[in-house]
Amino acid sequence: MANSYVRVGSGDHGVVALHGWFGSANGWGPFPDHLDGSRFSYAFMDLRGYGGSRDIAGNYTMEEVAADAIALADELGWDTFSVIGHSMSGKAAQRVLVDAHDRVRRAVVVSAVPANGFPFDDEGWGLFSGAAQDRDNRYAIIDLTTGNRLTPTFVNSVAQHSLDNSTVAAFGGYLEPWGRGDFSSEIKDIDTPIKVIVGEHDPALSAALMEQTVMQWFANAELEVMPNAGHYSMLETPIALATTVEEFLSR
């Protein structure tokens, strides 16, 4: 069974877009509305256990997400394609580069977890590992990673989307692979251009962390800090994100 996806645009440049832990193919907010469908064809994929792929069982690993993304490109007839990944799927997008760098034109990772995972302390791991079962934990994580600065209505909407669009098994299952899995040693001699985007108000997946990790591993990487955004720039600053993404993809 193939992963479900939402298609936006009919341009010649194919782009597979992979959502984050709290997202889905329909969870990119206004971002898709500002994309250029005459130049690009975007396939916003649902990960296994999410959205239209809720009933697809999986191992919930980054390798599996990458394989599904490559399979979707095959299904769409894209011999070469670009990839966008947000948050945990920023890590999956790095896996796509490891597994199929000869096919990837460009990559964009937004508020991405590095390929070596995230340096959780015990308190942080407890908060995140409890989020599969506890809505309050989901709310706290979203509030934290957007800088404790946004309206509770917004934070609640992101939390509710995650509850409505993911199974508990999948949401919980992805945590260990994205949080603690490490394939950074496999990133070798990859010169695919990669754009690394972080929100200025995201205290966790910051520019400093990217400088220590992703920017060190990829030979052709560039970093941009998105003003007035936390962890969810596709929701917080969608026009600015669409503009910088497509400028990069168009080079």
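Trainee: Is glycine 23 buried or exposed?

Mentor: Burial is read from relative accessible area, and under 20% counts as buried. In this predicted model, glycine 23 has a relative accessible area of 11%, so it is buried.

Trainee: Where does glycine 23 lie?

Mentor: Glycine 23 is part of the loop between strand S2 (13–18) and strand S3 (40–45).

Trainee: Which residues does glycine 23 touch, not counting residues up to four places away in sequence?

Mentor: Those residues are Tyr50, His161 and Asn165. Sequence separation and distance in space have to be read separately. Glycine 23 and leucine 163 are 140 residues apart in sequence, and their C-alpha atoms are 9.6 Å apart in space.

Trainee: How does one look for pockets?

Mentor: Rolling a probe the size of a water molecule over the atoms shows where empty space is left. Here the largest pocket has a volume of about 270 Å³. It is lined by 19 residues, and Phe120, Phe128, Thr145, Trp178 and Ala204 are the closest to its centre.

Trainee: Which helix gives the most to the lining of the largest pocket?

Mentor: That is H4, with three residues. Helix H3 (122–129) and helix H4 (135–145) each supply at least two residues of this lining.

Trainee: How many residues of each class are in the lining of the largest pocket?

Mentor: There are 14 nonpolar residues, four polar ones and one charged one.

Trainee: What is the volume of the second largest pocket?

Mentor: Its volume is about 200 Å³. Of the 18 residues lining the second largest pocket, the closest to its centre are Phe22, Gly23, Gly27, Val158 and Leu235. Helix H5 (152–165) and helix H9 (233–236) each contribute at least two lining residues, and the largest share, four residues, comes from H5. By class, this lining has eight nonpolar, 10 polar and no charged residues.

Trainee: What is the relative accessible area of phenylalanine 118?

Mentor: For phenylalanine 118 the value is 22%, and the residue is partly exposed. Phenylalanine 118 is found in the loop between strand S5 (104–110) and H3. Its contacts, leaving aside neighbours within four places in sequence, are Val113, Trp178, Gly179, Ala204, Leu205 and Leu209. Of these contacts, Trp178 and Ala204 are also among the residues closest to the centre of the largest pocket. The C-alpha atoms of phenylalanine 118 and methionine 88, 30 residues apart along the chain, are separated by 9.9 Å.

Trainee: How many helices and strands are in the protein chain?

Mentor: The chain has 10 helices and seven strands. Its radius of gyration is 16 Å, close to the 18 Å that the globule rule gives for 251 residues, so the chain is as compact as a globular protein of that length. The C-alpha trace spans about 45 × 40 × 35 Å along its principal axes.

Trainee: What share of the residues of the protein chain count as buried?

Mentor: Of the 251 residues, 57% count as buried. The chain exposes about 9900 Å², and carbon and sulfur atoms supply 47% of that area. Among contacts between residues at least 6 apart in sequence, 79% join residues at least 24 apart.

Definitions and conventions: Residues numbered from 1 in each chain as written. Predicted model: local features only at pLDDT ≥ 70, side-chain atom pairs only at ≥ 80, totals over all residues. Heavy atoms only, no water. 1 Å grid on protein atoms, 1.4 Å probe; cavity = no way out; pocket = protein on both sides within 12 Å on 5 of 7 lines; lining within 4 Å. Points joined across faces, edges and corners; volume = space filled by probe spheres on them. Nonpolar A, V, L, I, M, F, W, Y, C, P; charged D, E, K, R; others polar. Rg over C-alpha atoms; globule rule 2.2 N^0.38 Å. Buried < 20%, exposed > 50% of the residue type's maximum accessible area, 1.4 Å probe, protein only. Contact = heavy atoms within 4.5 Å. Areas by Shrake-Rupley, 256 points an atom, 1.4 Å probe, with all protein chains shown as cover.
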